[in-house]
Structure formats: C-alpha cells, structure tokens
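This briefing goes through one protein model by topic, from its recorded annotations to its fold, its core and a few selected residues.

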Amino acid sequence: MRRALAVASTSPEDVPVGAVILGPDGAELAAAGNERELTGDPTGHAEVLAIRRAAARLDTWRLEGCTLVVTLEPCTMCAGALTLARISTLIFGAWEPKTGAVGSLWDVVRDTRLNHRPEVYAGVLENECAALLRNFFR
C-alpha cells in the first residue's frame with residue numbers, strides 16, 4: 001500500500017489515487033495513478049490503467065493470481081474491470097461512500113451472480129489514504 005500511496009502522489013492535477021498490481025510471485029507488474037485530467041479520458045482511473053499495463057506485460061487479459069492494491073475503494077467501473085480481469089486479490093485503503101463498489105454503495109466484487117469474486121482486504125492504511133484525498137480536496 002505504501003507503493004500505491006507513492007504512485008498516488010505523482011499527479012498533482014488529478015485526484016490522488018494510486019494502484020499497483022503484483023504478480024503471483026509478489027513482484028510488481030504495473031503501477032498507475034489517475035490520468036483523467038492529464039488525458040481527458042473518463043476511463044483513466046488508476047485501477048483501469050494498472051490493469052491494462054499488467055495485461056500488456058503478461059500478454060494476457062487473465063490476471064489470475066495477481067493482487068491489485070489501490071488507495072481508494074474502487075468504483076463500479078473499476079470493480080467490474082478487476083473482476084473481468086480475474087484478479088485474485090483486492091487490497092484497498094480508504095472507503096468511498098459516494099461511489100464505492102466494494103461494499104460502500106454497491107458490492108460488485110462479491111456479487112454471487114458473477115463467475116469470479118476476488119478476495120478483498122479493506123481499510124489497509126486507511127487513515128493515510130484518506131488523508132491524501134482530504135488534502136487534495138482542501
């Protein structure tokens with residue numbers, strides 16, 4: 001999570017969210033911060049960008065055995081993307097009560113109607129992750 005926090009701090013013009021994908025062996029495959037403002041792309045969320053980069057690096061869309069570490073609870077788009085990418089484990093920091101889709105507003109990743117449900121660890125370094133966001137919005 002500390003690596004994701006460092007990545008989140010790299011883009012001063014965008015909401016500071018950082019995502020890191022670790023391979024089955026624990027090695028970092030990809031990292032990304034939000035790039036919506038930088039690219040003008042509404043799908044430029046840290047999680048989606050990290051998933052794209054990890055898939056390109058592994059030359060497969062199936063990220064089975066991989067772990068996504070992200071500083072903020074994923075939204076519906078990102079929760080859907082990590083589920084479709086077959087990511088095995090999700091670790092996130094701060095809860096997002098307005099748009100969170102891993103337990104706050106929705107719970108996409110635990111929906112029994114889907115064929116893949118990652119293991120979830122929530123609230124990891126929650127205070128540090130939330131502080132980064134509070135400082136940005138001040």
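UniProt positions are given here in the numbering used for this chain, and such annotations may be inferred rather than shown by experiment. With that caution, the unreviewed UniProt entry lists Glu47 under "active site". The model itself is predicted, and every value below should be read as computed from that prediction.

**Annotation from the record**

- The unreviewed UniProt entry places the feature "domain: CMP/dCMP-type deaminase" at residues 1-105, a span that is 31% helix and 22% strand and whose end C-alpha atoms lie 23 Å apart.

**Overall fold and dimensions**

- The protein has five helices and five strands, and their order along the sequence follows the pattern α-β-β-α-α-β-α-β-β-α.
- The C-alpha trace spans about 40 × 30 × 25 Å along its principal axes.
- For 138 residues a compact globule would have a radius of gyration near 14 Å, and because the protein has 14 Å, the two agree.
- Of the 138 residues, 49% count as buried, while the accessible surface comes to about 7,000 Å², with 52% of that area belonging to carbon and sulfur atoms.
- When contacts between residues at least 6 apart in sequence are considered, 56% of them join residues at least 24 apart.

**The largest nonpolar core**

- The largest nonpolar core has 38 residues, and those with the most contacts inside it are Ile21, Leu63, Ile87 and Leu90.
- At least two residues of this core come from each of several elements, including helix 1 (2-8), strand 1 (18-22), strand 2 (28-33), strand 3 (67-72), strand 4 (89-94) and helix 5 (126-137).
- Helix 3 gives the most to this core, supplying six residues.

**Strand 4 and Leu90**

- Strand 4 is mostly covered, since five of its six residues are buried, and strand 4 pairs with strand 3 in the parallel sense over five bridges.
- Within this pairing, Leu68 stands opposite Leu90 in strand 4.
- Once its neighbours within four places in sequence are set aside, Leu90 is in contact with Leu68, Val70, Pro74, Leu82, Val102, Pro118, Glu119, Val120 and Tyr121.

**Glu47, the listed active-site residue**

- Glu47 lies in helix 3, and because its relative accessible area is 4%, under the 20% limit, Glu47 counts as buried.
- Apart from its neighbours within four places in sequence, Glu47 is in contact with Val17, Ala19, Leu68, Val70, Leu72, Pro74 and Cys78.

- Glu96 is found in the loop between strand 4 and strand 5 (119-121).
- With a relative accessible area of 19%, Glu96 is also classed as buried, because the limit is under 20%.
- The C-alpha atoms of Glu96 and Cys75, which are 21 residues apart along the chain, are separated by 8.2 Å.

Definitions and conventions
Residues numbered from 1 in each chain as written. Predicted model: local features only at pLDDT ≥ 70, side-chain atom pairs only at ≥ 80, totals over all residues. Heavy atoms only, no water. Helix = DSSP H or I, 4+ residues; strand = E, 2+ residues; numbered from the N terminus. Core = buried A, V, L, I, M, F, W, Y, C linked by side-chain atoms within 4.5 Å. Buried < 20%, exposed > 50% of the residue type's maximum accessible area, 1.4 Å probe, protein only. Contact = heavy atoms within 4.5 Å. Rg over C-alpha atoms; globule rule 2.2 N^0.38 Å. Areas by Shrake-Rupley, 256 points an atom, 1.4 Å probe, with all protein chains shown as cover. Pairing = 2+ DSSP bridges.
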